[in-house]
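Thanks for coming, everyone. Please have the sequence and the 3D view open while I talk.

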There are 2 protein chains.
Amino acid sequence: MTSQELFHEAWRLAREVPSSTLPNPPVGAVLVKEGRILASGAHRGPGQPHAEIVALEEARRRGVDVRGAVLYCTLEPCCHTSPGKRTPPCVPRLIDEGIKEVWIGCADPNPEVAGQGAAQLSQAGVDVHWAPDQSLFQDLIREFRVGIVEHRSWVTLKWAQTLDGYAAAPDGSSQWITGLEARTEAHRLRARCQAVLVGAGTLRRDNPSLTVRHVEGQQPARVIWAGQQPLPETAQVFTDEWRDRTWILAQAGTVAWDQATRLTPGRRLAAATPAEVVRVLYEAGLGSVLVEGGPQILTAFYSQGVWDSLAVFQAPKLLGAGQKALFGTATSMADARELRVRQFSRLGFDLLWELERQGEGNDVHGTD
Amino acid sequence: MTSQELFHEAWRLAREVPSSTLPNPPVGAVLVKEGRILASGAHRGPGQPHAEIVALEEARRRGVDVRGAVLYCTLEPCCHTSPGKRTPPCVPRLIDEGIKEVWIGCADPNPEVAGQGAAQLSQAGVDVHWAPDQSLFQDLIREFRVGIVEHRSWVTLKWAQTLDGYAAAPDGSSQWITGLEARTEAHRLRARCQAVLVGAGTLRRDNPSLTVRHVEGQQPARVIWAGQQPLPETAQVFTDEWRDRTWILAQAGTVAWDQATRLTPGRRLAAATPAEVVRVLYEAGLGSVLVEGGPQILTAFYSQGVWDSLAVFQAPKLLGAGQKALFGTATSMADARELRVRQFSRLGFDLLWELERQGEGNDVHGTD
């Protein structure tokens, strides 16, 4: 296998981890000797062993000698111990096990690593090589990077709309714009995030369950961003079997703030702006959030620039009138914001646009 | 080669005819003997020989004996002579040439043929077989069918919009929503139609040339649908090198009606509604029309049900405010019109949705 194929295998292992690994990055690792894979592994989240260690342990279980082996890993191996870190650093272990060569996808943006892992390996006589094109590996850890560098949650704004851009009809009805395949994919997006957020208006109007259905996957936290109005206390999110995974964002002095004491004890957070929301969610251990609406909430995040990714489901339907998911203040075509298409997916008769900011991230990918 | 492969070859020949064959259908034909293709051909438009004859003539040029050969053709061979028909009927020729077996993609919807071509072949002792799945062949002649059955032009409504469904910014600016690849494809759409139509408002605002540029292809007629206001007489469509391909639709008694006498002598048509427009265009020999705007015109055609196909270019841009291509009177989501996705195409960073009415036409195709 070529170096590129081995890197791809490590990348694939990291990418196929089904749930969020946050606040840790997804990482894949492959151990190779004489062109053959000895063992491989992926990191599966906090408290779990790092990918390099998973691969080393697998090799040991199989009775394979790893001395002189080559390691491919999507992210720079770690070299730090710090308060709260639950696993020992990987670099000393790799040196102890006699790994002779390490190929690294990209540097760890964690300031406690940031090239020092690679440096320590070199100093110990290990041959260190970097991937010729790091973009694929940087893309893999985009959510982790936002957390470790900006100390905030990764934000995906999600909505469904008709071909002509309406997220709801004039009477507010919106069920269903898209078909079953698209709605199933929306559940997959939920399962990959640590939190799902809606405004209190959506709670009052739709009483959504905000659970993961139709797909295997973890149930994310449900976050209700309250305003000045009281919250509907009998809503599903406060009463169903997942009620202890519901959080309330509110401001002191509001009715909802006091309700939260009863409804979500220990899961009440103070926030008044999208920037505060993503900071307090991050501090609460919710490293990625899928913002599902309604339009006021989506527009607040979007217009204040507090977003990383858009997931727009679009159905081949025309309404001719209705309510938009986002509203803005553009005057001329020059005011249009250009987005980068990360991926298009066909979902039955519908389409999913996954979009990012222009000028950041990586090349356009496509599954179709 | 299998029967399916030979049918596919005939279909490909018909499909690759670069310009509109209207008022005739595109047709492809393949002559086969002992599993090998002897000759093939396609019909290229009015006054040109039919596909079967093109194939027979090619065989003759090559000195190939076609007696006992098998013919695959996408459409039922014709058997009629009628006033205005410039070519002799194909069925007697096929019989004379000793073709022993004919495979037909679908029946000719022309009431003068409509199964009689196949019947005459059978009566003469030719083995006639029909394609097991005729949908692909019916799809090929969808524009022809609308003409021969409904005596009107085929209508494609075309616009470009942002992700959030705006065809123009609040100040009316719309250049450019999409990138060069999408705009080039829009010229390809023009070259495949016999007419391009805009309202007089678009003429006053944008002064478009409505010509085919960036691609090889025929220049369609340019049709201006005038209203109550005078037409801008110095507009490009009335003054450039293609001015003798410009038509005016107007109502008697308006200023534009009188202007048309001077501006487009012999190319003035009376029409007050979309239904009248497609009837008079058809009678004028313009069998397909690409309606490019503006919103009033697009909405008139759409809301009155005078359309066959939509071509919607969409760019990954958000405006948040602006003007829509279509406006309607939906109240609830149940009022949404579901469309059939005929094809999605990626064009650079943009997307082209080609849509048809639900419940007509054929399966969803996709190039990507």
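Let's start with one loop. B:Pro23 sits in the loop between helix 1 (3–15) and strand 1 (28–33) of chain B. Look at the peptide bond that joins B:Leu22 to B:Pro23. It is cis, with omega at about 5°. Keep in mind that this is a predicted model.

There is another cis bond to look at. It runs from B:Gln175 to B:Trp176, and its omega is near -10°. Where is B:Trp176? Find the loop between strand 6 (154–162) and helix 7 (180–192) of chain B; B:Trp176 lies there.

Now go over to chain A. A:Glu34 is not a glycine, yet its phi is positive, about 50°. A:Glu34 belongs to the loop between strand 1 (28–33) and strand 2 (36–42) of chain A. Why point these spots out? Because most residues other than glycine have a negative phi, and most peptide bonds are trans.

Next, the domains. Chain A splits into domain 1, residues 3–148, and domain 2, residues 151–357. Domain 1 of chain A puts 11 residues into the contact, and domain 2 of chain A puts in 16 residues. The C-alpha centres of these two domains of chain A are 34 Å apart.

How do we put a number on an interface? Between domain 1 and domain 2 of chain A, the buried area is about 1200 Å². Carbon and sulfur atoms give 42% of that area. Which three residues of domain 1 of chain A supply more than any other three? They are A:Arg142, A:Val146 and A:Gly147, with 41% of the area that domain 1 of chain A buries against domain 2 of chain A.

What about charges? Side chains of opposite charge can pair when their charged atoms come close. Across the interface of domain 1 and domain 2 of chain A, there are 2 salt bridges. Here is a salt bridge to find in chain A: the side chains of A:Asp139 and A:Arg342 meet, at 2.4 Å from N to O. The two domains of chain A also have 6 residue pairs in polar contact between them. Which element gives the most to the side of domain 1 of chain A that touches domain 2 of chain A? Helix 6 of chain A, residues 142–150, with 5 residues. By class, that side of domain 1 of chain A has 4 nonpolar, 3 polar and 4 charged residues.

Another salt bridge in chain A links A:Arg188 and A:Glu185, with the closest N and O atoms 2.7 Å apart. These two are 3 residues apart in helix 7 (residues 180–192) of chain A, so about one helical turn separates them. Over all chains, the structure holds 36 salt bridges.

Now put the chains together. In the contact, 48 residues of chain B meet 48 residues of chain A. The buried area between chain B and chain A is about 3900 Å², and carbon and sulfur atoms give 67% of it. In chain B, the residues that lose the most area to chain A are B:Leu163, B:Leu318 and B:Met333. Together they make up 19% of what that side buries.

How many salt bridges are there between chain B and chain A? The count is 0. Polar contacts are there, though: 15 residue pairs between chain B and chain A. Four strands of chain B each supply at least two residues of the side that touches chain A: strand 12 (309–315), strand 13 (317–318), strand 14 (337–347) and strand 15 (350–357). Strand 14 of chain B gives the most, with 6 residues. By class, the side of chain B that touches chain A has 27 nonpolar, 12 polar and 9 charged residues.

Strand 14 (residues 337–347) of chain A and strand 13 of chain B run antiparallel, joined by 2 bridges. There, A:Arg337 has B:Leu318 as its bridge partner. Now look at strand 13 of chain A. It pairs with strand 14 of chain B, antiparallel, over 2 bridges. There, A:Leu318 has B:Arg337 as its bridge partner.

Key. Residues numbered from 1 in each chain as written. Chains lettered and ligands numbered in written order. Predicted model: local features only at pLDDT ≥ 70, side-chain atom pairs only at ≥ 80, totals over all residues. Heavy atoms only, no water. Domains from an automatic or database assignment. Contact = heavy atoms within 4.5 Å. Buried area = accessible area lost by both parts, 1.4 Å probe. Salt bridge = Lys/Arg side-chain N within 4 Å of Asp/Glu carboxyl O. Polar contact = N/O pair within 3.5 Å; in protein donor to acceptor, adjacent residues only side chain to side chain. Nonpolar A, V, L, I, M, F, W, Y, C, P; charged D, E, K, R; others polar. Pairing = 2+ DSSP bridges.
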